[in-house]
Amino acid sequence: MKYWQETIAVTQRILIELFRRRRSLIFWSIFPISILILNAFILSERAKFTMAVAFENAAPSTLVGAALFFSCLGGSVATVVAEREQQTLKRLFISPLSGTSYFLGIFLAHSTIGIGQTLLVYTIAAFWGATFKGSIVLGITIILLSIVAYVGLGFILGTQLARRIEDVNALVAAFGVPLLILGGAFLPTSLFPKTLLDIAQYNPIYHMNEALLGVSAQGNNINDIQSHFIFLLLFALVMLICGWLSYRRMLMVERRL
């Protein structure tokens, strides 16, 4: 109960700060909506899809490739760096709050934002007639694994590579934009040449996109997306473990400063 209460308290504090600033939440809402609409209209025009089918195909890529990437990965990096700059971690050492609760609180806060974006993207898609064709449970599992992977990677980048808030944009741009394009967030992977498809096999965003697209738009089951799902599951577990280890290492460094 102690860990749970502390985790909820940290989560609430981070979310309250975001609601007070509002700008980040507004941008995290505008961005996926605009990408969703642009992708859907392009698919409708170029692939001759109906609007409902276009939104069914655009929603998964927009969610895992754009919305969750910037909120869960970019947001967690920014939170970790800001907490270090504001000396929050120093105050953690002289308080009864445990480091585990603090880690889980940041994790849960950005997971909450990611779930909110999921509801937003699929609500907009449903407005245009899109439906979720596959297993909702499997789709939710893929989304949660994607959130875990992004937040875990965010902890790694935020604790090991970023030192100031100014570093966040450079990190996200350098690591993220090429992976997003290669993962099919802005262009359908069906347009990729074989060379790029071979490279994309090592890109976790590609597997997130293909897994959710298969379940959401094509009604695939777990056997149809097995390779993508296994890759995503292993990647999420590795990122969670590495993110935790990076966080613990950061705490040891901060204690010595």
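1. Contacts first. A contact here means heavy atoms within 4.5 Å. Among contacts in the protein between residues at least 6 apart in sequence, 81% join residues at least 24 apart.

2. Ground rules. This is a predicted model, in which local features need pLDDT of at least 70 and side-chain atom pairs count only at pLDDT 80 or more, while totals for chains, interfaces and linings use all residues. Residues are numbered from 1 along each chain as its sequence is written, and side-chain values use heavy atoms, with hydrogens and water left out.

3. Overall make-up. The protein has 10 helices and 0 strands. Helices (H or I, at least four residues) and strands (E, at least two) are DSSP runs, numbered from the N terminus. Along the sequence the pattern reads α-α-α-α-α-α-α-α-α-α.

4. Burial and surface. Of the 257 residues in the protein, 50% are buried. Buried means under 20% relative accessible area, exposed over 50%, and partly exposed in between (1.4 Å probe, protein chains only). The protein exposes about 12800 Å², and carbon and sulfur atoms supply 68% of that area. Accessible areas come from the Shrake-Rupley method with a 1.4 Å probe; for residues, only the protein chains shown count as cover.

5. Helix 1. Thr7 sits in helix 1 (residues 2-21). Thr7 counts as buried because its relative accessible area is 6%. Leaving out residues up to four places away in sequence, Thr7 touches Ser101, Leu104, Gly105 and Leu108.

6. Helix 2. Asn39 belongs to helix 2. Its relative accessibility is 12%, so Asn39 is buried. Beyond neighbours within four places in sequence, Asn39 contacts Ala58, Thr62, Ala185 and Phe186.

7. Glu56 is worth a look. This residue is in helix 3 (residues 51-85). Glu56 is buried, because its relative accessibility is 7%. A polar atom of the Glu56 side chain lies 3.1 Å from the backbone nitrogen of Thr131. For reference, a polar contact is a pair of N or O atoms within 3.5 Å; within protein, one must be able to donate a hydrogen and the other to accept it, and residues adjacent in sequence count only if both atoms are side-chain atoms.

8. What else does Glu56 touch, not counting residues up to four places away in sequence? The list is Gly129, Ala130, Thr131, Lys133, Ser216 and Ala217. The C-alpha atoms of Glu56 and Ala126 are separated by 8.4 Å, with the two residues 70 apart along the chain.

9. Helix 9. Fourteen is the buried count to note: 14 of the 15 residues of helix 9 are buried. The expected span of a helix is 1.5 Å times one less than its number of residues. For helix 9 (residues 204-218) that should give 21 Å, and the end C-alpha atoms are 20 Å apart, which agrees.

10. Ends of helix 9. Asn203 caps the N-terminal end, with a side-chain oxygen 3.1 Å from the backbone nitrogen of Ile205. Just after the helix, Gly219 takes a positive phi of about 70°.

11. The second largest pocket. Its space is about 440 Å³. The lining has 20 residues, of which Leu43, Leu187, Pro188, Thr189 and Ser190 lie nearest the centre. Helix 2 (23-46), helix 3 and helix 9 are the elements that give two or more residues to this lining. Helix 2 gives the largest share, 4 residues.

Note on methods:
1 Å grid on protein atoms, 1.4 Å probe; cavity = no way out; pocket = protein on both sides within 12 Å on 5 of 7 lines; lining within 4 Å. Points joined across faces, edges and corners; volume = space filled by probe spheres on them.
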